[in-house]
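Here's a quick briefing for anyone meeting this structure for the first time. Have a look at the model, then read on.

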Amino acid sequence: MTPTRDSSQRVYLDHAATTPVRPEVRAAMEPFLTDEAFGNPSSAHWAGRPARAALAEARECIAAAVGAEPHQVVFTSGGTEADNLAVLGGALAARATGRPFRVAVSAIEHKAVLDAARVVERLGGEMVLLPVSAGGQVEPAAVDAALEQGVALLSVMWVNNETGAVQDVVSLAEHADQAGVPFHTDAVQALGKLPCTMADAPITLLTLSGHKIGALKGAGALIVRDKQVLEPLLHGGGQQEGVRPGTENVAGAVGLGVAVKLASAEQTETEHHTRALRDDLERRVIDALRDATVNGRDGTRAPHISSIAIPGADSNALLMQLDVAGIACSAGSACATGTASPSHVLMATGLPDELASASVRFSFGHQSREQDVDRVIEVLPDAVQRVRTLVASLAEGA
Amino acid sequence: MSPGKVLVAMSGGVDSSVAAALLVEQGYEVIGATMKLFCYGDTVADRPCCSLDSIQDAATVAERLDVPHYVLDFEDRFQQFVVQDFVSEYAGGRTPIPCVRCNTFTKFRDLLAHADALGCDHIATGHYTIVRDGALYRGRDRLKDQTYFMWGIDRGVVERMLTPIGELTKEETRSLARRLDLATAEKPESVEICFVPDGDYAAVLEQHLPTDAPSLSPGPIRTTGGEVIGEHRGFARYTIGQRRGLPGGFAHPMYVVGIEPEERAVVVGTADELFGHCVELQEVNWLAEPLQPGDTCEVQVRYRSKPTAALVKEGAGGRLALDLAEPVRAITPGQSGALYDGEQLLGGGVIN
């Protein structure tokens, strides 16, 4: 049996892409997937009541975990929708109230933020792209300049999904607050990996995603501290105070609530567990491949993500090699065709093109094991060698 | 015991889908790969076999067959080896066949490099050709036979090639696809050059050449006797044997019989003047023992045209001169001369 088919040989180190649904999450959702609790949470009758109560409980779980109020939890179809609502909704609200129709975002944001900001441009507004250091941290001077110029919203992600770069979110939020600018952070990769709370920071909007922490794909939330700063993008039946109308995905929201609660409760443990595995992986990869380097190593990094540049090892080809050996990981941002173009994140940190297209990302989760790292170390050197031979043979033809 | 590991080029069309399915049935360990050859972007509407949809179709078939599927990004290489050559050939007054270069450089050579990297014994494609004992033969379906485009591939590649549908007719391939319930069973044929939208190759040239390029600038149309009878809008818009776009008013129908890039001239003549008695090939490649002066074979100078008996006059340094047993119409520089012994493809070259 080939490794990709043999589950005992499979290694999953792509937790920044998605994670399996946790059993606790599945159990909690179960009643809402049967006729036991199928009601519409907006219905006043008996069928609606359990659904409404479950939504309320999910909101409480999430609010408690991130230091917000339950009514501030707005369920969305995931991180992408939450980011779009924050950036585009924030810009549109500013335009409507005569504030600057301009958003400031870091150069290493997820495409959900960057492309939403580009829509602001297309609508006649402006996007200020904030540069980052080699470690991936946004340049404070650029932030201050943008705030001084006047923006509808400052959006900087808490943890970058490709390199794990961590931002000083508290300080950024405070700067924005002093300038009277709403602050949004995409915390999709931060929750459960770092202490991730709004309690001590004036964060206006915070994005969460379910499937990165063992809940369902298609379930996420935007924590909205001040709904005045947002114009809704969807319009309909007025659910969720009109900020995001539409009958709520009850099962998804319940699952999200449980997953956020677990992620938050297990945060310290997950942080230590993933950091130990990641550090071990990086040390052993560099031991085995002398010229490999860890991207963003000079900055603060989240514990669960490792982006490694391997000179001469084209990442598309290397990913195929690893997949054939049963190892799932990823390169930069995968495009719709399944090929990866050089990552905008790595390029923004100043990594040269040839290293950006020769970088792979391993990302860990709470069920990752030491054997996963062992298997990578067993497979990687040969795989890299084969890719280098391939690259050389293609170059010879050229 | 598996007969081996094979990297199958899956374009997202029905032929390569069935090829992959047959190899799975035969017990091969199959890895599917779709070569992304150029940026489909916003400029070119979706086309059969050459679009993001096609990559998706290939992935769907691979899922159905339960085999891994990858996308190989060949965009830069396709641009370098195929599109640039296509443009410079037209600019030089010839009529190139990009599919030949694509087969020679991209489809087979680069695919084999990837196969090696993945530890595959073979590569496979959905071509209507037969591979037997390291030699290439025409596909059983003569209307679909693709050997004409394959003379340039390396002999070492042929030894590792599998063409599982070479013995099938197109109809048999389709009915197999239906029986196997493959999503691509009813997909329409792609007949055009994949990177040339709507067959408008001049538009591609305009995109790649400067606006004042000689090949796209006006020049004289003259007869074989030297009489100028009109003006054309660029010789790259003409090919040997063409009637369209020529001035009328002659006693006999007139055809393009020559292009003279130095003078920017398009030369026209009667149907009789279109016929040639010899063929000169360059960039000759052999898939069998090289022919020597005095040897005979058959040469085919156009896709789907009838091969003609020929005698090798001389051959050296990648060149080959052949005398034809009977005159052949519209022998066109840039097109291919494929050499056959009956069903077997012996090799070929680019017509000079």
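In chain A, 71% of the contacts (heavy atoms within 4.5 Å) with a separation of 6 or more link residues 24 or more positions apart. Keep in mind that this is a predicted model, where local features need pLDDT of at least 70, side-chain atom pairs count only at pLDDT 80 or more, and totals for chains, interfaces and linings use all residues. Residues are numbered from 1 along each chain as its sequence is written, chains are lettered from A, and side-chain values use heavy atoms, leaving out hydrogens and water.

**Overall build**
- Chain A holds 12 helices and 12 strands, taken as DSSP runs (H or I, at least four residues, for helices; E, at least two, for strands) and numbered from the N terminus.
- Its C-alpha trace spans about 65 × 55 × 35 Å along the principal axes.
- Of the 398 residues in chain A, 59% are buried, meaning under 20% relative accessible area with a 1.4 Å probe, protein chains only.

**A look at helix α2**
- Helix α2 of chain A runs over residues 48-66 and reaches 27 Å from first C-alpha to last, close to the 27 Å expected (1.5 Å times one less than its number of residues).
- Its buried residues include A:G48, A:L55, A:R59, A:C61 and A:V66.
- Among the elements covering those buried residues are β2 (73-76), β7 (205-209), β8 (220-224) and α7 (250-265) of chain A.
- Just past α2(A) sits A:G67, with a positive phi of about 75°.

Key: Buried means under 20% relative accessible area, exposed over 50%, partly exposed in between (1.4 Å probe, protein chains only).
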